Amino acid sequence: MTTLNPIFCNNMIMQANKPLRIFGKGEGLARVEFMGKRKAISPKGADWMIELDAVDYGGPYEIKVLLTNECVILKNVYFGDVYLLGGQSNMQFKLHESSEPKENYRGNKKTRFDTVFFKTRLTNREKFGII
């Protein structure tokens, strides 16, 4: 069975002016339809990837992904600049706590913000119950 990686979803932003790469796992059929172009593969191994030409800034678009047993339509997809930021507590600053006027960012459908949570490795203190 062929599956799409869960990173691909409605309302996502992909990096503009870079090749569009759609990927997943499994064997079977994988086909992507976007802006009148179609590309398909029949993966034989565990991982697959389809690469389409770079896309300029814009949206909203729909990307149709046909897999062996399902059709996934990714809706409201934009192409723009994607920033990945990482840090410690200094990265917990909230936009609404800034001096930036709220009308500059509230209701702007082209601005997206997402927090990625992940499970961290246990420290020695946690392993031995010293917390």
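This briefing describes a ring cluster, a surface patch and the surroundings of one threonine.

The structure is a predicted model, in which local features need pLDDT of at least 70 and side-chain atom pairs count only at pLDDT 80 or more, while totals for chains, interfaces and linings use all residues. Residues are numbered from 1 along each chain as its sequence is written, and side-chain values use heavy atoms, with hydrogens and water left out.

**Aromatic rings**

- A search of the whole structure finds four aromatic pairs, where rings of Phe, Tyr and Trp (its six-membered ring) pair if their centres lie within 6.5 Å, and planes under 30 degrees apart count as stacked, over 60 as edge-to-face and the rest as tilted.
- F34 and Y61 form an edge-to-face pair, with 5.4 Å from centre to centre and 75 degrees between the planes.
- This pair links distant parts of the chain, since F34 belongs to strand β4 (residues 30-34) and Y61 to strand β7 (residues 58-67), 27 residues apart; strands (E, at least two residues) are DSSP runs numbered from the N terminus.
- F34 is buried at a relative accessible area of 4%, whereas Y61 is partly exposed at 23%; buried means under 20% relative accessible area, exposed over 50%, and partly exposed in between, with a 1.4 Å probe and protein chains only.
- The rings of F34 and F79 have planes at 35 degrees and centres 5.7 Å apart, so this pair is tilted.
- Because F34 lies in strand β4 and F79 in strand β8 (residues 71-80), the pair ties together parts that are 45 residues apart in sequence.
- F79 is buried, at 4% relative accessibility, and ring pairs link F34, Y61 and F79 into a cluster.

**Surface patch**

- I7, F23 and M49 make a nonpolar surface patch of about 280 Å²; patches are made of residues with over 30% relative accessible area and no salt bridge, with like charges joined within 9 Å and nonpolar side chains (Val, Leu, Ile, Met, Phe, Trp, Tyr) within 5 Å.
- Accessible areas come from the Shrake-Rupley method with a 1.4 Å probe, and for residues only the protein chains shown count as cover.
- A salt bridge is a side-chain nitrogen of Lys or Arg within 4 Å of a carboxyl oxygen of Asp or Glu.
- M49 lies in strand β6 (residues 47-52) and is partly exposed at 42% relative accessibility.

**Surroundings of T2**

- T2, in the segment before β1 (3-4), is buried with a relative accessible area of 1%.
- The side chain of T2 reaches the backbone oxygen of E27 at 2.8 Å.
- A polar contact of 2.9 Å joins the side chains of T2 and T68; such a contact is a pair of N or O atoms within 3.5 Å, where within protein one must be able to donate a hydrogen and the other to accept it, and residues adjacent in sequence count only if both atoms are side-chain atoms.

Technical notes:
Helices (H or I, at least four residues) and strands (E, at least two) are DSSP runs, numbered from the N terminus.
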